Amino acid sequence: MFRLKSSFSVTGGQREAIDAIAGKFQEGIKRQVLLGVTGSGKTFVMANLIEKLGLPAMILSPNKTLAAQLYQEFKGFFPENRVGYFISYYDYYQPEAYIPQKNQYIAKEVSINPELERLRIDAARNILESRHTIIVASVSAIYSIGSPDDFFKQRITYSLRSTIQRDDLVREFVNLGYQRSDGLIDSGTFRVRGDMVEIWPTSEENPIRFVLDIDRMVGIEVFDPITAAVFRSLETVSVFPISYFYHKKERVLHIVKDIKEELNHRCEYFIDNGKPEYAERLRERTLFDMEMLEQYGHCPGIENYSRYLSGRAPGEAPYTLLDFMGKEYLLVMDESHISVPQLGAMYKGDRSRKEKLVDYGFRLPSALDNRPLNFAEFNDRVNRLLYVSATPAEYEIDNSGRHVTELLVRPTGLLDPVIDVRRVLSPVDDMLVEIRKEVDAGNRVLVTTLTKKMAEKLTHFLAGAGINCTYLHSEIKSLDRIKIIKKLRTGDVDVLVGINLLREGLDLPEVSLVVVLDADREGFLRSDRSLIQIFGRAARNLYGRVVLYIHHMTDSLTRAIGESERRRSLQEDYNRKLGIIPQSIAKKVKDFYDDDYWIQKSEEALDVEYKDKQSLQKQIDSLAKAMKMKADNLDFKGAAVLRDQIKGLKNLMLELF
């Protein structure tokens with residue numbers, strides 16, 4: 001059962017919304033909208049709805065920053081249930097591409113974050129093991145991954161006192177894709193130490209130790225990889241394949257014949273159309289991949305052959321995280337006015353890039369089937385769907401059959417912020433005066449600009465004026481964004497400058513002032529919906545206000561200000577009726593895991609300043625040699641410390657060079 005735990009009590013308006021939405025789902029209505037203002041408790045309503053319906057749930061978020069916040073909140077609401085986190089695991093991603101106009105081929109280049117990869121695999125495992133699971137995901141949930149049947153059926157379950165010999169246990173781990181290590185154990189590896197076999201499954205936060213007595217399992221322990229201290233003992237445990245993309249070598253070898261057959265047909269096509277150079281290029285690249293598959297069972301870009309690996313027909317939709325959810329589940333699209341257009345755009349952008357690779361002989365046509373779902377396929381895979389937004393678009397309202405439940409009052413009594421429209425010759429100087437007022441009062445400020453360059457320049461200007469500030473935009477790594485948001489909330493940073501990431505859903509009760517520069521620049525970033533979302537960042541503070549700097553009024557500004565004033569009036573009437581005195585939201589500041597894990601990781605001191613890439617690489621190589629020596633001498637604790645330092649230096653290299 002889902003068991004929601006919270007210090008909050010459900011208010012009258014929230015109860016009406018929960019009952020109305022649950023009732024309509026139970027009546028067979030498949031699409032609904034929850035229109036809730038900022039601070040009305042939309043996330044709390046979502047949590048109560050999940051508990052009431054008793055269905056597994058996926059919360060789809062439009063960006064990684066908001067996804068991290070939702071993951072924190074749902075882990076807090078459901079401490080006894082499984083809550084997964086599934087976002088893109090790339091710190092850096094440059095997809096394979098070809099630009100015909102420049103005759104330029106761009107090879108795929110990625111930097112995978114191993115912790116995010118573990119959380120993704122853990123989320124997939126959780127939903128397969130327990131239907132009482134909630135997964136917070138980004139749009140990466142509609143991208144191709146392995147078959148849930150393959151992933152689940154390949155798992156091996158071990159129980160205490162079961163009969164198994166050590167060599168058989170090792171063989172099973174190898175068959176799941178894990179590699180043996182004689183030194184330091186890391187995620188995706190196992191090691192043998194006498195009658196103990198230790199493995200670190202990619203879906204687990206810590207490794208597992210199996211203790212054998214000849215041919216019987218006498219102990220299953222979760223332990224600390226550094227100190228080897230036992231955290232807890234288990235009666236039973238399942239070890240899943242190293243990845244949901246993992247396939248046994250027998251299947252990989254079986255598909256090589258089919259791929260070569262497609263290759264021959266495609267090469268004939270190029271030759272018949274007078275493009276022998278394309279045929280030669282495609283043959284050389286594909287045969288190299290096939291040789292790698294035959295020798296090692298894997299090759300770079302193996303996902304381009306996913307249609308064969310998963311046994312799908314040409315054009316058939318790929319397996320995605322939605323397939324792991326089963327047929328009966330609840331999908332919540334948070335900030336749906338952003339999420340819906342994102343989903344629609346993913347397929348078209350991916351298709352356009354891959355078609356050029358296929359047309360010019362870099363990939364086989366079957367590579368087109370390694371793709372995200374198109375919008376129609378996505379809708380076909382969703383049974384119950386709840387759009388959640390303070391500003392739902394016409395599509396969501398129409399698609400739900402206008403089944404809209406409104407949540408327009410806040411339990412705290414907080415009003416929509418006061419809107420101050422200003423026409424001044426020097427907006428930045430005027431803004432600086434307002435910022436200093438708020439900082440002196442111990443409050444925090446958000447400033448929104450239109451471009452990344454402007455955000456960075458403005459941050460430097462404010463810093464030069466003595467303001468403790470930083471910026472936040474899409475080039476900041478996912479986990480670093482979490483760190484920045486926490487610093488703003490704790491007061492280590494007073495002002496945060498951003499563009500699009502400072503709008504939807506961010507829960508920042510310490511922010512009393514939101515400044516909008518170029519508020520009259522009509523477009524996506526200054527539409528009425530975008531402006532209302534920006535206003536909402538100041539709606540969690542008793543003294544919240546918004547300053548808009550403009551040259552002239554626009555239709556978007558008129559609509560946004562009018563809607564904000566309407567909602568403010570509704571809240572004032574509600575407060576008078578119930579005798580509510582508005583009060584700011586008090587919310588605990590917490591990290592990704594509700595501890596200092598990520599902060600410690602991202603703030604590990606690096607005492608040396610590296611002037612070039614060579615000196616940094618030399619230090620990494622030196623630490624790698626020292627780590628291997630410690631591992632060879634069985635000093636695994638010391639080796640693990642050096643391993644983490646190496647990871648920090650590699651991340652630094654990505655940032656600096």
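Let me start with axes: they are lines fitted to C-alpha atoms, for helices over the stretch in contact, and the angles between N-to-C directions run from 0 to 180 degrees. Keep in mind that this is a predicted model.

Now the helix pairs. Two packed helices are described by the angle between their axes and the distance between the axes. Take helix α17, residues 528-536, and helix α18, residues 555-578. Their axes come within 8 Å. They cross at roughly 45°. Parallel or oblique, then, for α17 and α18? Under 35 degrees would count as roughly parallel, and 65 to 115 as roughly perpendicular. So α17 and α18 are oblique to each other. The crossing of α17 past α18 is right-handed.

Second pair. Helix α14 covers residues 427-440, and helix α15 covers residues 452-464. Here the axes are 12 Å apart, and the packing angle is about 55°. That makes α14 and α15 oblique to each other, too. As α14 passes α15, the crossing is right-handed.

On to charges. Side chains of opposite charge can pair when their charged atoms come close. How many salt bridges does the model have? The count comes to 43. I will show three of them.

Start with Asp416 and Arg410. Their closest N and O atoms are 2.9 Å apart. Is this pair buried or exposed? The cut-off for buried is under 20% relative accessible area. Asp416 has 8%, so Asp416 is buried. Arg410 has 1%, so Arg410 is buried as well.

Next, Asp182 and Arg180. This salt bridge spans 3.7 Å, N to O. Both Asp182 and Arg180 are exposed.

Third, Asp420 and Arg422. The closest N and O atoms are 2.9 Å apart in this salt bridge. Asp420 is partly exposed, at 27% relative accessible area. Arg422 is buried, at 16%. And this bridge belongs to a network. Salt bridges with shared partners join Asp420, Arg422, Asp430, Glu434, Lys437, Glu438 and Arg545.

Now backbone angles. Two arginines deserve a look. Arg161 is not a glycine, yet its phi is positive, about 75°. Where is Arg161? In the loop between β9, residues 156-159, and α6, residues 166-175. Arg402 also has a positive phi, near 60°. Arg402 sits in the loop between α13, residues 394-399, and β19, residues 404-407. Its relative accessibility is 53%, and exposed means over 50%, so Arg402 counts as exposed.

Now the surface. Which residues make the nonpolar patch of about 240 Å²? Tyr93, Val110 and Ile112. Tyr93 comes from strand β4, residues 90-94. At 39% relative accessibility, Tyr93 counts as partly exposed.

Last stop, Gln26. Gln26 lies in helix α1, which spans residues 12-26. Gln26 is exposed, with a relative accessible area of 57%. What is the distance in space from Gln26 to Arg384? C-alpha to C-alpha, it is 10.0 Å. In sequence, Gln26 and Arg384 are 358 residues apart.

To recap, briefly. The pairs α17 with α18 and α14 with α15 are oblique. Arg161 and Arg402 have positive phi values.

Notes: Residues are numbered from 1 along each chain as its sequence is written. This is a predicted model: local features need pLDDT of at least 70, side-chain atom pairs count only at pLDDT 80 or more; totals for chains, interfaces and linings use all residues. Side-chain values use heavy atoms; hydrogens and water are left out. Helices (H or I, at least four residues) and strands (E, at least two) are DSSP runs, numbered from the N terminus. Buried means under 20% relative accessible area, exposed over 50%, partly exposed in between (1.4 Å probe, protein chains only). Patches are made of residues with over 30% relative accessible area and no salt bridge: like charges are joined within 9 Å, nonpolar side chains (Val, Leu, Ile, Met, Phe, Trp, Tyr) within 5 Å. Accessible areas come from the Shrake-Rupley method with a 1.4 Å probe; for residues, only the protein chains shown count as cover. A salt bridge is a side-chain nitrogen of Lys or Arg within 4 Å of a carboxyl oxygen of Asp or Glu. Angles under 35 degrees count as roughly parallel, over 145 as roughly antiparallel, 65 to 115 as roughly perpendicular and the rest as oblique. A crossing is left-handed if the near helix is turned anticlockwise from the far one by less than a right angle, and right-handed if clockwise.
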